[in-house]
Amino acid sequence: EQFLKVMGDQAHRMSQLVQDLLTLSKVEVDASQPPMGKIDLIKVIRKEAQHFDWTAQQKDMQIRLDMKEDLPPVRGDEGELAQVVHNLVGNAIKYGAAGSDVTINLRMSSSFPNVANFRAYDRAVCLSVRDKGEGIPKEHIPRLTERFYRVDSARTRQVGGTGLGLAIVKHIVHRHRGVMTIDSVVGKGSVFSIYLPIYEEE
Ligand code: ATP
Ligand code: MG
C-alpha cells in the first residue's frame with residue numbers, strides 16, 4: 001500500500017507536468033493571434049476564488065475580493081484568463097503565511113506600467129493578487145516566469161508543483177497583449193498585477 005501511494009503521487013505529478021507543458025505550448029502556438037472574446041473578469045474571479053475556498057481553509061487563510069462592480073469587459077479567452085487567476089491565487093495560497101489573507105483586487109487603471117508592448121492602449125483593467133507571505137528576494141523576480149524556475153527548490157519540492165505556473169501566466173498575458181508586474185518585499189509578501197486591454201467595440 002505504501003508503494004502504491006508513492007506511485008500514485010508520481011503519476012499525478014507526471015500528469016500535471018504533461019498538462020502544464022501542453023497548455024504552455026498551445027498558448028505559444030496561438031501567440032500571434034490575440035483572443036477576441038468579451039470577458040467578464042468578475043465572474044471568472046468569483047469562480048476561481050470559490051474553487052480555492054477549501055484549500056485556503058486548510059491553511060486557515062481567507063480569500064478577500066475587492067472588485068469594482070461596473071468594470072468594462074476585457075478582450076480575451078475565458079479559459080486562459082481563468083488559468084491566470086488560478087495560477088496566481090494558487091501561488092498566493094501556497095506561498096502565503098498560514099492564517100493570513102489573500103486579496104484579489106480588480107479595478108480600472110489609467111496609469112500603465114512602462115512597457116513597450118502596452119503603449120497602444122489607454123485604458124486597461126488591472127487584476128492584482130496580493131499575499132502576506134515570505135516574499136521574494138529582488139534578484140529572483142526577473143527570473144520567476146522562466147520555465148521550471150523556483151526560488152528555493154528544496155522547499156518548493158515539499159509544497160509540490162512543476163514550476164511552470166508563472167511561465168504559463170506570462171505567455172497568456174502576452175497573448176492578450178497585456179502586462180504583468182511583480183512587487184515583493186521579503187518577510188511581508190508579494191503582489192502580482194496583470195494589466196489587460198478592455199474590450200472595445202470595433
Ligand atoms: P506550479 O505553479 O507549476 O504548481 P510553482 O508554484 O513552483 O509550481 P510558479 O507558479 O511558476 O511555479 O512559481 C515559480 C516560483 O516562484 C515558485 O516556485 C516560488 O519559488 C516563487 N513564487 C511564485 N509565487 C510566489 C508568491 N506568491 N510568493 C512567494 N514566492 C512565489
Ligand atoms: Mg505556482
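Thr156 is buried, its relative accessible area being 3%. The residue belongs to helix 5, in a structure that is a predicted model. The points below treat the surroundings of ligand 1 and then individual residues, grouped by topic. Ligand 1 is surrounded by 19 residues, and the space that it takes is the largest pocket.

**Shell around ligand 1**

- Of the 19 residues that surround ligand 1, the closest are Asn91, Tyr95, Asp131, Thr162 and Leu166.
- By class, eight residues of this shell are nonpolar, seven are polar and four are charged.
- Three elements each supply at least two residues of the shell: helix 4 (78-95), helix 6 (165-175) and strand 7 (189-197).
- Among the contributors, helix 4 gives the most, with three residues.

- The side chain of Thr162 places an N or O atom 2.8 Å from an oxygen atom of ligand 1.
- Gly163 takes part through its backbone, one N or O atom of which is 3.0 Å from an oxygen atom of ligand 1.
- On its own, ligand 1 has 590 Å² of accessible area, and the protein covers 94% of this.

- Which backbone atom lies 3.0 Å from a polar atom of the Asn87 side chain? The atom in question is the backbone oxygen of Gly165.
- Asn87 itself is placed in helix 4, the element that gives the most residues to the shell around ligand 1.
- With a relative accessible area of 10%, Asn87 is under the 20% limit and therefore counts as buried.
- His140 is located in the loop between strand 5 (124-131) and helix 5 (153-159).
- The side chains of His140 and Tyr149 are joined by a polar contact of 2.6 Å.
- Is His140 buried or exposed? His140 is buried, because its relative accessible area of 17% is under 20%.

**Residues with positive phi**

- Asp60 is not a glycine, yet its phi is positive, at about 55°.
- The position of Asp60 is in the loop between helix 3 (53-58) and strand 2.
- Asp60 has a relative accessibility of 60%, which is over 50%, so the residue counts as exposed.
- Phe148, likewise a residue other than glycine, has a positive phi near 70°.
- Phe148 lies in the loop between strand 5 and helix 5, and His140 is also found in that loop.
- A relative accessible area of 45% makes Phe148 partly exposed.

**Other residues and their separations**

- Pro73 is situated in the loop between strand 2 (62-67) and strand 3 (74-76).
- The C-alpha atoms of Pro73 and Gly37 are 9.3 Å apart, and the two residues are separated by 36 residues in sequence.
- For Thr156 and Asp60, the C-alpha to C-alpha distance is 20 Å at a sequence separation of 96 residues.
- The two members of that pair have these accessibilities: Thr156 is buried at 3%, whereas Asp60 is exposed at 60%.
- Ala124 belongs to strand 5 and is buried, with a relative accessible area of 0%.
- Between Ala124 and Ser32, 92 residues apart along the chain, the C-alpha distance is 20 Å.
- Val6 is part of helix 1 (residues 2-29), where its relative accessible area of 42% places it in the partly exposed class.
- Val6 and His174 are 168 residues apart along the chain, and their C-alpha atoms are separated by 37 Å.

Conventions. Residues numbered from 1 in each chain as written. Chains lettered and ligands numbered in written order. Predicted model: local features only at pLDDT ≥ 70, side-chain atom pairs only at ≥ 80, totals over all residues. Heavy atoms only, no water. Near = heavy atom within 4 Å. Polar contact = N/O pair within 3.5 Å; in protein donor to acceptor, adjacent residues only side chain to side chain. Areas by Shrake-Rupley, 256 points an atom, 1.4 Å probe, with all protein chains shown as cover. 1 Å grid on protein atoms, 1.4 Å probe; cavity = no way out; pocket = protein on both sides within 12 Å on 5 of 7 lines; lining within 4 Å. Sits in = over half its atoms within 2 Å of the grid points. Helix = DSSP H or I, 4+ residues; strand = E, 2+ residues; numbered from the N terminus. Nonpolar A, V, L, I, M, F, W, Y, C, P; charged D, E, K, R; others polar. Buried < 20%, exposed > 50% of the residue type's maximum accessible area, 1.4 Å probe, protein only.
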